[in-house]
Amino acid sequence: MAEISFPLPDLGEGLIEATVLDWLVSPGDQVERNQPLVEVETSKSALELPSPQAGKVIRIHGAPGETINVGEPLVVFEVPDNTAGIVGTVPKDDAPKRRVRLSAVLDED
Amino acid sequence: MSGRHTGEHIHTVEGTDPHLHVEVHEPAEGADAGLRPVLLIHGFSSSSKLNWGDTGWISTLQGAGRRVISVDLPGHGRSASPEDLDSYSPSRIRADLLQIVFDAGARPVRPGDPSSGLDVIGYSLGSRLAWEFGATQPELVHRLVLGGPNKEDPLASFDLLAAQRYLADGTPIEDESTAGLLKMAQLLPSNDLFALLSLIEAIKSEPFDPAEAVPHMPMLLVAGEKDERATTMPELAELAARAGGMVEQLLVPGRNHSNAVTSRVFKDAAVAFLGA
Amino acid sequence: MDILQPGPVTVGTAPSASETTPGLAPEQLRELYSLMASVRFLDTSAVAWQRQGIIPGYAPELGQEAAQVGSAYALDLDCDFAFPTYREMGVARTIGVDMVAYMSTHKATWHGGMYDPQESRLAPIQAVVAGSVLHAVGWAHGQTLQGTPGVALSYFGDGASSQGDVHEAMNFAAVMNAPVVFFIQNNGWAISVPTEKQVAGGSVSARAAGYGMPAIQVDGNDVVAVYEATRRALDHARTGHGPMVVEAMTYRRGPHSTADDPGRYRSLDDERIDAGKDPLERLRKRMLADGIADDDFFAAAHETARSEEEAIRAGIEALGPRPGSEMFEFVFQETTPSLETQANRWREESDHA
Amino acid sequence: MLESTTATLDAAVEYAEVEHLSMQQALNRALDDVLTADPKTLVFGEDCGRLGGVFRITDGLQAKHGDARVFDTPLAESGILGMSVGLAMAGFHPIPEVQFDGFAYPAINQIVCQIARMNYRSRGKLPMPVTLRVPSFGGIRAPEHHGESLEALFAHVPGLKVVSPSDAHDAYHLLKYAASRPDPVIFMEPKSRYWQKGPVDMRDGGTLSGARIVRPGRHLTLVAWGAMVARCLQVAELAAEDGIDVEVLDLRWLKPIDAEALARSVGKTRRAVVVHEAPLTSGLGAEVAQLITQQCFDTLKAPVERVTGFDVPYPSGDLEDEYIPNIDRILLGIQRVLEYRRG
């Protein structure tokens, strides 16, 4: 498994930090892209941040009331590192199976 | 449907076109609850995007199967900033809202038809407008949700002269509320400060008097537990209850006037109240 | 009706876009809506099938329902023939292809799908981008040689328009005056690359002028406009006026395929701003406004879509792998000794032990 | 823009001596190293830039090296390869990608008629240092044209060299090596092995020019390349259970083929089976068998056996396992060789 960190994004208009109000997800949750992750408040407004991707939440940063700087990690997702390409599937690495047995007299001439 | 309120249907209700930015958000795919549309009215120095979009209200309502109409108030968001003071008066805004919701398909309440009528959610200044809209449009409005409401419009006591002096030469503003509101307005570079001052001036000429016209439809009043701008919420509730309406109140723990709006508790309560 | 007329497109001998009400009866509009609802439901379900492990992969066409249903609805199935890529499920459904046979390609049963192309008037599913555009031209020229009234409808996308084969196909068709309609679904994205980095000059239809061919650019999310534009183009080709281009401007609302994550190359804001109007919602509103359908109708359409999907899913789940002997069977009409030897060897060795 | 640098390939980046990488990661690191060391290198193809390639082999390279050197092209393979010719003529070292093996077919004209011949045509004045990366072979249940084995096609064309790594270590070093050569190299990446991890000695690639014995043995040589090497190693372990000691030779270079390595190995074991995914007829197995027979005829105990795909279009996912040589088919090939008696 690989980890992908979602840092607090630039919330526009020169804001450099935000305060966590409430988490809408917990570590262990499987989230979909666009699902609200967290309520935060800046000096200008309160807002919900949607998830930029699908994945399993493994860590969240900032308890309610704590301040996070833009660019600092907010959520860490776990994603499979064996993601297939644009088509097809990752082959399973099964133990070798056989039905045929070899039989031979090896005359060492 | 989206875009300025001048698109396909131009209604110059009061002789001029206010150029208000309206957006209609359809219910989420497969979730349409078949219920009446919901009108969202944002607060002072905010916008539909800030007050309802970024906070997750619109997607929450869409997810609950609701059709949502959002309007940027004059001088706010993507709406125009008309020069004439009249465009900012609460009575004129109410008239424009009425035309907008009709254009968006809202129709008077018909008993037994859950798709008829209109639900209204307001926040702060939007709650004042929603109160008055509900009181003056009893045939249309089905239920009200008022967030961060106050029986006196804080904008009515705004010290306009002090604000203008401060903007002209930096003279400090004594009145705390005035200084706070102006600071809030200045924080957003997208705000048209002079349009906002025009709005304040217009409001001062039509101050909020909740007792003058009291809505009779069921109403949910919501405020942050620490919302100092909404301490008079119980008085509003009492006014409405005395007039015979069904009133519910909700305090959101730990929240204040600026951050109660994103609260899930608030959204869930509103969705449940309007869906009942 | 939203037939777009951008500056650079030379319309040539094509009829100009009219603003009059198109000649579709209310019953036809209801049919178009039902088709789009079925396609939408099957499409979103197929994505779920992949997540549930029923099929290994799928290329969604979410958002392109109007472009596919509207264009295919204009075909005359007694004589016309459609040439799809790998994303024309809506076309297949509209012209009545057996959908279990069609979707079997995504079950990894057989590459081209299990349906009969001749009978269904739909060429086998084509994995090579722009692979079938020249086939359409050849087939169309065959109609000219035979004196039959059929028109070839060749589907491809903005990404495929970069392929040299598209140029060759358009040039051949114009030179031979072949009855072919090049139907481009410009859905904004070729996997991760947006149209503006794909199509010089901003539109595929603009290129038609270079081949002396008329073109219509149409709002691909408006099923009525798409139908009307395609019907005109088919008429144009059928009446001996040669090839024509229809470019339907639409939007790929979903990923390229079930294994693609659009979050790596476009933002949610991009999608909100660019996706345009939902084709289904648009027709629904129009029908409600015109009073030709009510909520009962829409509920029934969605219920039909649901039960259709159930039957197709059951059919797909019941599909077993093809017998391995078919690997050898379909290589030639008359097989070769070497291939027979290999087939025998395969048979013996699979039976071994 | 492109700046010149005096750094050499090996001195470019400092890594730990041995890293545990997937083949995907190893190829990505190799491209990163080459881009860092050689300012004339360009990496491009469909979705290679912002997305980082459909198999993520070019992931992060555009961000690190800029969109002038790592970029997306329009969706046209013939255009990608044709552009590579012009870039090489202008002094660049292109590393284009064809997204999938089957999409090399639309580019065959440019590969065969231009890239392979430009040096010859210009009497050595216009070399073509083009490394064409082709995710190759089957095994991932992909749609049509995503599981082809084109080595014989490429190997048949005068002017091209062909190589295929079988593990992460070789992938890293062979790609760097190929990219440093002055001739065109078709680099066939076994896509079913992309996700397989293994140790990569980042400093010492060993000898990169010929074949490699990946398992020594006494009784029989299995010759393979790409994804078949791992399967042959499994077969060798199973054969050992039956008392047969199998040597596995990873051919690596499919053109030129390391004929001496074949002679050394089969000269010792006196028996050989060639395994490949590509169809039987005119496959490289025939070439390998001929090279062995030519060199070891006197000591061979049996004709060289071939275990391959069939002369059929690469089948759909459900039938993939029927097509690709499996363990039993390879064991049966071995058994036929062991049973052979001169008559």
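C:Lys107 counts as buried because 25 C-beta neighbours lie inside 10 Å; a residue is termed buried if 20 or more other C-beta atoms, placed from the backbone, lie within 10 Å of its own, exposed if 12 or fewer, and partly exposed in between. The residue is placed in the loop between helix 4 (99–103) and helix 5 (117–120) of chain C, helices (H or I, at least four residues) and strands (E, at least two) being DSSP runs numbered from the N terminus. Beyond its neighbours within four places in sequence, C:Lys107 is in contact with C:Ile55, C:Ile316 and C:Leu319, where contact requires C-beta atoms, placed from the backbone, to lie within 7 Å. The C-alpha atom of C:Lys107 is separated by 9.7 Å from that of C:Trp49, 58 residues apart along the chain.

The model is predicted, with local features needing pLDDT of at least 70 and side-chain atom pairs counted only at pLDDT 80 or more, whereas totals for chains, interfaces and linings use all residues. Residues are numbered from 1 along each chain as its sequence is written, and chains are lettered from A and ligands numbered from 1 in the order in which they are written.

For the complex, the predictor gives an ipTM of 0.69 and a pTM of 0.78. Chain D has a mean pLDDT (the predictor's confidence in each residue, from 0 to 100) of 92, and 96% of its residues reach 70 or more. Over residues 1–12 of chain D, however, pLDDT stays under 50, and the model has 18 contacts beyond four places in sequence for this segment.

Among the five pairs of chains in contact, chains C and D share the most contacts. This interface involves 33 residues of chain C and 27 residues of chain D. On the chain D side, helix 11 (320–323) and helix 12 (327–339) each supply at least two residues, and helix 12 gives the most, with three residues. The chain D side comprises twelve nonpolar, five polar and ten charged residues, with Ala, Val, Leu, Ile, Met, Phe, Trp, Tyr, Cys and Pro classed as nonpolar, Asp, Glu, Lys and Arg as charged, and the others, Gly among them, as polar. The contact between chains A and B takes 13 residues from chain A and twelve residues from chain B; on the side of chain B, five are nonpolar, five polar and two charged. Chain B and chain D are joined by no contact, their closest C-alpha atoms lying 27 Å apart.

In chain A, four strands form an open sheet of order 1-8-6-3 with antiparallel pairing, pairing being assigned if DSSP finds at least two bridges between two strands. Strand 1 (2–7) and strand 3 (30–31) are the edge strands, each pairing on one side only. Strand 3 is joined to the antiparallel strand 6 (residues 55–60) by two bridges, and A:Val31 has A:Gly55 in strand 6 as its bridge partner.

Technical notes. Contact = placed C-beta atoms within 7 Å.
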